[in-house]
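Let's take a friendly walk along the places where the chains of this assembly meet. Please have the model open as you read.

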Amino acid sequence: MQMNNVDLNGLVLKNPVTVASGTFGFGREFSDFYDLSLLGAISVKGLTLKPREGNPVPRLAETPMGMINSVGLQNPGVEAFIRDEIPFLRTFDTKIIANINGNTLEEYVEMAKILDKEDVDSIEVNISCPNVKSGGMAFGTDPLMASKVTSAVRNVTSKHIIVKLSPNVTDIRTIAKAAEVSGANCLSMINTITGMAFDLKTRRPIIANRIGGLSGPAVKPVGVRMVYETASVVGIPIIGMGGIMNAEDAFEYILAGASAIAVGTGNLVNPMCAPQVLEGLKKYLPAEV
Amino acid sequence: MQMNNVDLNGLVLKNPVTVASGTFGFGREFSDFYDLSLLGAISVKGLTLKPREGNPVPRLAETPMGMINSVGLQNPGVEAFIRDEIPFLRTFDTKIIANINGNTLEEYVEMAKILDKEDVDSIEVNISCPNVKSGGMAFGTDPLMASKVTSAVRNVTSKHIIVKLSPNVTDIRTIAKAAEVSGANCLSMINTITGMAFDLKTRRPIIANRIGGLSGPAVKPVGVRMVYETASVVGIPIIGMGGIMNAEDAFEYILAGASAIAVGTGNLVNPMCAPQVLEGLKKYLPAEV
Amino acid sequence: MKAIRDLKIIKIDEIAKGIFSLVLERHLDFGALKPGQFFNLALKSRELPLLKRPISLSTWDDTTMTFVIRKVGKGTELLCAAQPGEWVSAVGPLGNGFDLEAPAAEATLLGGGIGTAPLLALAEMLSAAGTKVNVYLGYQNEPYLVENFKKVADGLFIATMEPVDGLYHGNVVEYWMAQEADETERHVYSCGPDAMLHMVQLSLKSRSQKGHLLTEERMACGIGACLTCAKPIERDGEVHMLRTCIEGPVFKAEEVVFECK
Amino acid sequence: MKAIRDLKIIKIDEIAKGIFSLVLERHLDFGALKPGQFFNLALKSRELPLLKRPISLSTWDDTTMTFVIRKVGKGTELLCAAQPGEWVSAVGPLGNGFDLEAPAAEATLLGGGIGTAPLLALAEMLSAAGTKVNVYLGYQNEPYLVENFKKVADGLFIATMEPVDGLYHGNVVEYWMAQEADETERHVYSCGPDAMLHMVQLSLKSRSQKGHLLTEERMACGIGACLTCAKPIERDGEVHMLRTCIEGPVFKAEEVVFECK
Ligand SMILES: Cc1cc2nc3c(=O)[nH]c(=O)nc-3n(C[C@H](O)[C@H](O)[C@H](O)COP(=O)(O)OP(=O)(O)OC[C@H]3O[C@@H](n4cnc5c(N)ncnc54)[C@H](O)[C@@H]3O)c2cc1C
Ligand SMILES: Cc1cc2nc3c(=O)[nH]c(=O)nc-3n(C[C@H](O)[C@H](O)[C@H](O)COP(=O)(O)OP(=O)(O)OC[C@H]3O[C@@H](n4cnc5c(N)ncnc54)[C@H](O)[C@@H]3O)c2cc1C
Ligand SMILES: Cc1cc2nc3c(=O)[nH]c(=O)nc-3n(C[C@H](O)[C@H](O)[C@H](O)COP(=O)(O)O)c2cc1C
Ligand SMILES: Cc1cc2nc3c(=O)[nH]c(=O)nc-3n(C[C@H](O)[C@H](O)[C@H](O)COP(=O)(O)O)c2cc1C
Ligand code: FES
Ligand code: FES
């Protein structure tokens, strides 16, 4: 691992610090706080073929050193992203990762086809969203399905492909291998762990959808373990995430085998988290190998 | 749910507060602090057929609101338990749950046979220990294996059987159903989630065995979710655990569908945790229904 | 402009049971402030809870900002137990705030409980802009901030749910409805619990009266990035999930879709 | 007897850079105390870190207990930053402690760094029992607790790893080996980093000398319930994983199996 020019198997980042999909909007929100050109890459809010209004509220519960969300892929759709967001993001010197989500295999393919012709640097195939009824995590918990989605996307684009894995599985290695052999250039992990919290007053689940996705420091040991397990069985690079709040957390992921890292919930707690992680990492990593 | 005489499908507890295997030794350690007769039940340290020295040290790492352990079932063996520990435990008015662990199906059967003739109130079949190389979690992550172990144990004992489930699975419901149809009287969940932490100075995993089991408040949302999912598909009662530190946490599990709860890591943080949970629960639960 | 800064606590006082006034230094980098805007606050030294807490500006001057906080759960407890000299990590100013471009000639402010606090700066600025301001404040039993409102309100009306000598006994919305039965031209601004805001919405509708509501929703980032704070808002016949922290927290009264929970 | 009690902080002082002396009230329920025993301590108000921290008794009197703590990570940082009047949650007394049933006529105490602290009460009690006590203290650069040891030690020898005027420069174990080359009848008690204890063990073995080591291991409960603190101990030709918190932390020098990490 190094600080500069991190090559994720075809996608070269100026540094290993990226931001995780769904925790950074389309970047605009953070441009008040710092120059987005500082970042290695931005993975934008999960896109769907058509605009989505997402899940009912409440969508948020807090847990010990974690949070549960159930946003449900609220987004303006891939076309609006291309029209309204890419031009803005391109004003910064950072890589654009388009995070795509389908209800069906066909939707993933359709989106990949559309994005293939657009100015994005990588397509992150999210097969791990726990917050939608159909698609999403279903693709990420079965090696066969993971393989099918990955190769279907691979067939319609020559872009760099990241497959985003779900931690809600018995053996992440089989899913990771399936994605690798089906043409993924890179893996990102972990997405959120499904979790739940109750409101003791109403005696009902806090989240309207009842179950949501757990993220934040609480999940870090699980994310680190999964990166470690996966790194030993795949030959493609891994973007590690899950609970990274500071450079020390990031370095744990790197020691576990990640080639780059993503700050997720950390952005929500502290808008300056990602550049602070970057600054802190310099202590641990050589500029160039 | 009620405070008194909780019937776990044949095992009647005086109250719903139990203590989790591996966090309470054989009870002796806590008898300095309070009268063990306060507890609904005690699940003793995981037993194996032969004495085990467990894993190398370090066996412990701390994580945000959680801890990773890798004790590896260090225990004096089932015979020593019967000889040295049951008589002591029987001096208290509480139920004894013998937590059993096998490397092979045969070892589970052998232990169940032995314990069938002994003075224990329930046998907890642990098919979810992440800290041993063979057996353990392998049985708990495959519905077929879970079913085989459960029926094999069922065939050799008329005692109350609890099957302890692993959270390290894609779908806990299938494993839970498998255990139910194979003769489990009750389920307990969750065991620890496999996790990992690095020492930034040595740049090596903190735990000698590299990967261990994550427990404590950090895992509570996952435990609550799994109890909730499982309660809706099985007809047998569930002992809920994972991160219970106070009555509010316990009540979350009960709202999720647990009939009783177990305090685990909480015992290690505060030796008075279990009686305090019990006291606090009175606010939430009726004495008798 | 939005910024994250560590602010020193200048003063902290319990102004009513469980209600604290927190005075922080005002940082120049935050730029202009608007009533109805909020900050995402947490004690700098805390690690738990993870997320900051959205708290409305109550009032401010050139060098300080005052927040009024009700102790509810762990996050507000920590803030309320803080001492002068301690540091608060603050992200803000957040949200759209009340639009004061063309203030109405007459306005009525309806505050319920802690929802009275964000209306204070609004009352001050409307009054300074020449608007005639009637203020209705509803409390469970113990009023607070009353002296502050007195300075700027043309009419000040106080209601408590539990009987208190000399004060209107009952629901503040009903009080207002009765007092201003015919004054449907006044622009209404309201902040309070959802049930109250819903009642205000229905009342306004029944009287074809205009107003704005300052709403709340569970929030993580407060800066528009996470979409956890979405609120169903009806515009042009369609319901959109808008961000309480960006498009809100102030919405036109008729737009907010209250779900019966 | 073991108990968990909230104890008020009476005094807290930085006695050397990053080394704090923490004086807590002594609770009667803890009963008798032994040198080498420890308490599991955490600031009462903390939620993080989750686990308490094992800290040895350094010394005590009828109403107070003194701990000497080196600031290492988050847990000790919180303890060291506490103020008099704050509360510490304490579980103890824990561990076997040093056996003082039949004290040797002559003893040598070898402390390294923070490992000097638990030897203080031992020195005091041995000295009171009539044992001739030589004390060797090794530090990186800044000595502490020296005045306390001076009161009870027959011989006091100080070594620092970085050169300090007037002090022995180098490893404290080598210092002791040289000074007491022929005094192999003295009973040795040692506490310090693992590398030092290992060196002491090898030295004792080479001289057929007897001694006890106060060891450390990562701990959760401190009361023998979790088995995380196991230490490989060789007894009767077999290695057993014994609990540092129950069968230890004091072991016979020859028993401890040091693994080369
Ligand atoms: C725009 C906005 C402005 C606000 N202004 C004020 C103010 O000026 N003074 C004041 O006292 N309170 C205000 N609140 C409410 C305040 O944010 C909550 O009371 C606080 O977040 C509760 O946190 P807790 O940890 O004390 O309670 P807990 O109940 O422990 O909180 C648990 C979770 O629920 C969330 N939550 C609980 N109640 C609310 C709520 N009413 N709104 C949003 N999230 C909630 C918390 O943020 C947290 O994530 C405002 C809320 C919003 C959205
Ligand atoms: C029996 C015993 C007696 C001790 N007596 C003293 C004493 O008198 N004074 C003193 O300053 N320190 C003493 N220590 C060491 C002290 O417990 C650790 O320095 C402390 O736990 C570190 O916690 P931390 O959060 O500051 O550091 P971190 O490095 O953040 O701790 C991380 C984890 O590692 C564990 N850990 C780190 N170092 C040690 C260690 N040396 N021993 C055991 N666990 C460790 C912590 O408990 C925690 O679980 C003793 C340890 C033991 C086992
Ligand atoms: C509010 C929120 C929304 C998220 N939305 C998405 C999404 O749209 N697509 C996706 O792939 N992951 C999404 N995630 C998962 C994160 O990208 C990340 O994988 C996960 O949160 C773990 O990292 P963290 O602990 O640092 O947050 C979301 C997470 C959060 C907290
Ligand atoms: C130190 C330790 C040892 C454990 N040993 C066992 C065991 O022997 N058998 C078992 O079934 N579970 C064992 N567990 C798992 C607990 O019983 C419990 O399922 C888990 O820790 C989750 O609960 P908690 O978060 O309250 O600790 C152990 C847990 C810990 C922390
Ligand atoms: S709180 Fe994150 S978008 Fe509003
Ligand atoms: S620390 Fe738990 S057994 Fe020693």
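## Chain B against chain A

How many residues of chain B are in contact with chain A? On chain B there are 35, and they touch 35 residues of chain A, where contact means heavy atoms within 4.5 Å.

## Ground rules

This is a predicted model, with local features needing pLDDT of at least 70 and side-chain atom pairs counting only at pLDDT 80 or more, while totals for chains, interfaces and linings use all residues. Residues are numbered from 1 along each chain as its sequence is written, chains are lettered from A and ligands numbered from 1 in the order in which they are written, and side-chain values use heavy atoms, with hydrogens and water left out.

## What chain B brings

The area buried between chain B and chain A comes to about 3,100 Å²; buried area is the accessible area (1.4 Å probe) that two parts lose on being put together, summed over both. Carbon and sulfur atoms give 70% of that area.

Four elements of chain B each supply at least two residues of the side that touches chain A: β11 (193-195), β12 (198-199), α7 (220-231) and α8 (247-256). Helices (H or I, at least four residues) and strands (E, at least two) are DSSP runs, numbered from the N terminus. With 7 residues, α7(B) gives the most to this side.

## Chain C against chain A

Now to the other partner. Here 29 residues of chain C are in contact with 34 residues of chain A. The buried area is about 2,700 Å², and carbon and sulfur atoms give 65% of it. Leu50(C), Arg218(C) and Met241(C) supply 25% of the area that chain C buries against chain A, more than any other three residues.

## Charges and strands of chain C

Between chain C and chain A the count is 2 salt bridges. In a salt bridge of 3.1 Å, N to O, the side chain of Arg243(C) meets that of Glu29(A). On chain C, β1 (3-16) and β14 (238-243) each supply at least two residues of the side that touches chain A. The largest share of that side, 4 residues, comes from β14(C).

Definitions and conventions. A salt bridge is a side-chain nitrogen of Lys or Arg within 4 Å of a carboxyl oxygen of Asp or Glu.
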